[in-house]
Amino acid sequence: MSIGQIIFTLVVVVAFSIAAKNYKKVYRNINLGKDEDISGDEGQRWKNLFLIAFGQKKMFKRWIPAVLHLSIYVAFLFTQIELIEIFIDGFFGVHRFFAPYLGGLYTLIIGSIEVLSFLALIATFIFLVRRNLLKIPRLVKPEMGGWPTIDANLILFGEIALVTGIFMMNGADVVLQQLDPAHYPSSGFLPISSINGPLLFGDLGLNTLQLIERTGWWLHLFTVLLFINYLPVSKHLHIFLAFPNIWYSKINSRGEMENMPDIMNEVKSMMGLIPEQEMDPNADFPEFGAKDIFDLSWKNIMDAYSCTECGRCTDVCPANITGKKLSPRKVMMDIRDRATEIGNNLDTGARKFISEEGRAANEPLTVDNYYDGKSLFDYITREEIHACTTCNACVEACPVTINPLEPILKMRRYEVLTESAGPSDWLPMFTSIENGGAVWQVPDDRDQWAKEMNEEGN
Amino acid sequence: MADYSAEGKTPEVLFWVGCAGSFDARAQKVTKAFAKILTASGVDFAILGNEESCTGDPARRAGNEFVFQMTALQNIEMLNMYKVKDIVTACPHCFNTLKNEYPALGGEYNVIHHTQYMNDLLKEGRLTIEGGEFKGKKITYHDSCYLGRVNGIYEAPRELIAALDGELVEMKRCKTNGLCCGAGGAQMFKENEPGDKRINIERTEEILKTGASIVAANCPFCITMLSDGMKAKEKQDDVMVHDLSELIVQAKGL
C-alpha cells in the first residue's frame with residue numbers, strides 16, 4: 001500500500017465518520033417532532049418523486065433560475081460517476097480505473113461531465129451575480145442577513161472549487177497522456193480539456209503536470225468531503241432531503257386542516273352524540289396546537305430541514321408583499337433553528353436544561369424532561385402568525401413541497417385553544433358563531449333575502 | 001328544507017347560502033341572483049333558512065377548533081337528518097369546508113361551487129345565456145384562493161365568462177399564482193397587521209392595470225375586499241366588482 005492510498009483512506013474514513021454523526025443529529029432533530037403516520041397513495045408518491053423531485057417540475061414556474069439550477073443539478077448527478085472512479089483510484093492506488101474498460105463510452109461519460117460542469121460553472125457565476133450584484137428581492141429579504149447569505153455564497157464557491165478541480169485534473173491528464181502513455185491511459189477527445197489542457201499546460205514538464213493533476217484530483221475530492229460534512233449544518237441539505245420530503249408530502253386536499261379528534265369527541269359527548277367521556281380528575285389541562293418543536297409533526301421539521309431558503313414562498317405571500325412581518329421562509333428557518341438549538345442543548349446533557357421536576361427526581365437530560373424556558377414563540381412572533389390569510393400561495397410555490405401553512409395554523413391553535421389568547425378582534429366572531437350560528441351578530445332571519453324576493457314578486 | 005322534508009320530497013339540490021350570503025347586504029344580492037338563475041333553469045332547490053349555521057371555516061383557521069367542531073357537528077347532524085346528498089354554495093369557504101373538512105367529522109356530501117353548477121347547467125342546456133350585454137367588454141377574473149389554488153377549480157368560471165361573450169383579460173397573477181384578496185384565514189374579521197399596504201389595495205391596483213371595466217369574482221369576501229379597494233382608489237364607478245351569477249342575471253335580464 002502506497003502512502004497516497006493510506007492518506008486517502010484515512011481522510012475518507014475520518015470525513016465520513018464526522019459526517020455520519022451530524023446526519024444522525026439531523027435525523028434525531030427531525031424526530032423531536034410528534035409521530036405522524038404518513039403512508040398510502042404510493043402511486044401518487046412515486047409520481048411526485050419523479051416529477052417534482054427528479055423532474056424539478058415546480059422549479060419551472062420560473063424559467064431562468066430553473067434552467068440554471070437544472071444545469072448544476074444534472075452536473076451534480078453525472079459527476080457521481082467520476083466520483084466513483086476517484087474513490088476506486090484512491091483506494092486501490094490506480095489511475096483512471098474505468099478508462100481501459102469502457103473505451104469510447106468512457107470518453108462520452110467524461111466528455112458529458114465536462115460539458116455539464118462547464119454549464120454548472122456558468123450557472124454558478126450567474127447565481128453569484130443574482131444574489132450579490134443584482135440583489136434579486138427574494139434573496140435579500142431581512143431573514144437572509146448574516147449567516148444565510150454567507151451560507152449561500154459558500155456553497156457557490158464550493159461549486160467553483162469542484163469544477164476547477166475537474167478541469168485541472170483532466171487538463172493536465174490530457175497532456176500527460178502524450179508524455180507518459182504507460183501510466184496515463186487515453187481518455188479520448190474531451191470537449192474542454194483536450195483543448196484547454198494543451199493550451200494551458202502544454203509547455204510544462206512532467207513533474208509540474210503531475211503536481212497539477214494531483215492538486216485538481218485532491219481539490220475535487222476534498223471539496224466533496226467538505227460538502228458532505230457541510231450539508232447537515234447548511235441550507236444545502238435540500239439536495240438529499242428534497243427526495244424524502246417530497247415523498248412524504250401531503251396527498252390529501254390542501255383544503256383540509258388536520259382534524260383534532262380529542263376536541264371532536266369532547267364536543268360530540270357534549271352534544272350527546274357519543275357517551276360522556278371519562279375524565280381523569282387529576283389529568284393536566286390538555287395542551288392543543290403547537291408551542292414548540294415537540295408539538296409539531298416530524299414532517300413539519302423535515303420540511304424545515306429541507307428548506308434551501310430560495311424564498312419563492314415569501315415572494316408570493318400576500319402578507320409579505322404588502323409589507324407585513326410574515327415570511328413563510330422565515331417561519332421554516334425558525335423551526336429549523338429552534339430544532340437545532342434543542343438538539344445541541346440535548347447533546348450537552350447539561351442539568352440546566354432539565355425541568356424542575358426532572359431535576360428533583362435526579363433524572364438525566366432527555367427529550368421528555370427538556371426545558372430551556374424558550375419556545376417557538378421566541379422565534380416566530382404572534383404578529384407574524386396573525387398576518388396569514390391561509391391562501392396557500394406558499395404551499396403552491398415551494399419546489400420541494402414544504403408546507404409553511406401547517407405550523408402557522410398549529411401555532412394559532414396553541415394561542416387560541418391553550419392560551420385563550422390571539423387577536424381580540426376574533427372574539428366577537430367566535431362568540432357569534434357559538435351563540436348565533438353566524439360570523440356576525442345579526443338579528444335578521446337567515447332567509448330574509450328569500451322573503452324579500454317573494455315580496456319583490458320573484 | 002323543512003317543508004320538503006314534511007312533504008316527504010327531496011329537492012334536486014340544497015343551496016347552502018352561508019353567513020355572508022344571508023346577512024351581508026352586498027352578498028345578499030349574489031344570493032338572490034343565484035336563486036334567480038336556479039329558478040330560471042328549472043332547478044328544484046331548497047334552503048335551510050335558520051337551520052343553517054356558519055360552517056366554521058373562519059373559527060377553524062383562526063385556531064378555534066372548539067367553535068369549529070360545535071358549529072360543524074351541528075350542521076352535520078342536521079344535514080344527515082335531512083339525508084342531504086347534493087349541496088351547492090356561492091361561497092368558496094363554505095364550499096371548501098363542507099367538501100374537504102366535514103367528511104372527517106362524519107358529513108359526506110357531494111359539494112359543488114355555484115360557478116361549477118352554473119357551468120354544468122349551461123352545458124346541459126338548462127341555462128342559456130344570450131350574448132350581447134357583455135360583447136366586447138373587458139372582464140378580468142379574480143381567482144379566489146379556496147376555489148382556485150386550494151381546490152383547483154380554474155376553468156368553470158372562465159367558461160362562464162366565455163359564454164357571456166366578454167373579453168377575458170387575465171391579471172399577471174392568476175390561476176395557481178392568483179393573489180389573495182386579503183380576507184381569508186379569518187383576516188376578514190380582524191384589523192390588518194402593520195404593513196405598507198392592505199392586500200386588497202395591492203390586488204385592486206393589479207386589476208386596474210388590466211383596463212377591465214368588470215371584475216368577475218366567485219366569493220362574497222373577495223367581492224367586499226375588492227369593492228373596498230375600488231372605493232379607496234375612487235374607481236367604484238368605473239370598475240364594477242360582480243359575482244359571476246350577477247353577470248349572468250344581467251345578461252339574461254332576469
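The following legends describe close-up views of a predicted model.

Local features require pLDDT of at least 70 and side-chain atom pairs pLDDT 80 or more, whereas totals for chains, interfaces and linings use all residues; side-chain values use heavy atoms, without hydrogens and water. Residues are numbered from 1 along each chain as its sequence is written, and chains are lettered from A in the order in which they are written.

**View 1. Helices α1 and α8 of chain A.** The axes (lines fitted to C-alpha atoms over the stretch in contact) of α1 (residues 3-30) and α8 (residues 206-230) of chain A come within 8 Å and cross at roughly 20°. α1(A) is therefore roughly parallel to α8(A) (an angle under 35 degrees). Helices are DSSP runs of H or I with at least four residues. Contact (heavy atoms within 4.5 Å) involves residues including A:F8, A:F16 and A:Y23 of α1(A) and A:W217, A:W218 and A:F222 of α8(A). The contact residues comprise 15 nonpolar, 1 polar and no charged; Ala, Val, Leu, Ile, Met, Phe, Trp, Tyr, Cys and Pro count as nonpolar, Asp, Glu, Lys and Arg as charged, and the others as polar.

**View 2. The two domains of chain B.** An automatic or database assignment gives domain 1 (2-119) and domain 2 (132-252). Their centres, taken over C-alpha atoms, are separated by 23 Å. Domain 1 of chain B contributes 28 residues to the contact and domain 2 of chain B 29 residues.

**View 3. The interface of chains A and B.** In this interface, 62 residues of chain A contact 69 residues of chain B. The two chains bury about 5600 Å² between them, 66% of it on carbon and sulfur atoms; buried area is the accessible area (1.4 Å probe) lost on being put together, summed over both parts. A:W440, A:R446 and A:W449 supply 15% of the area that chain A buries against chain B, more than any other three residues.

Technical notes. Axes are lines fitted to C-alpha atoms, for helices over the stretch in contact, and angles run from 0 to 180 degrees between N-to-C directions. Helices (H or I, at least four residues) and strands (E, at least two) are DSSP runs, numbered from the N terminus. Angles under 35 degrees count as roughly parallel, over 145 as roughly antiparallel, 65 to 115 as roughly perpendicular and the rest as oblique.
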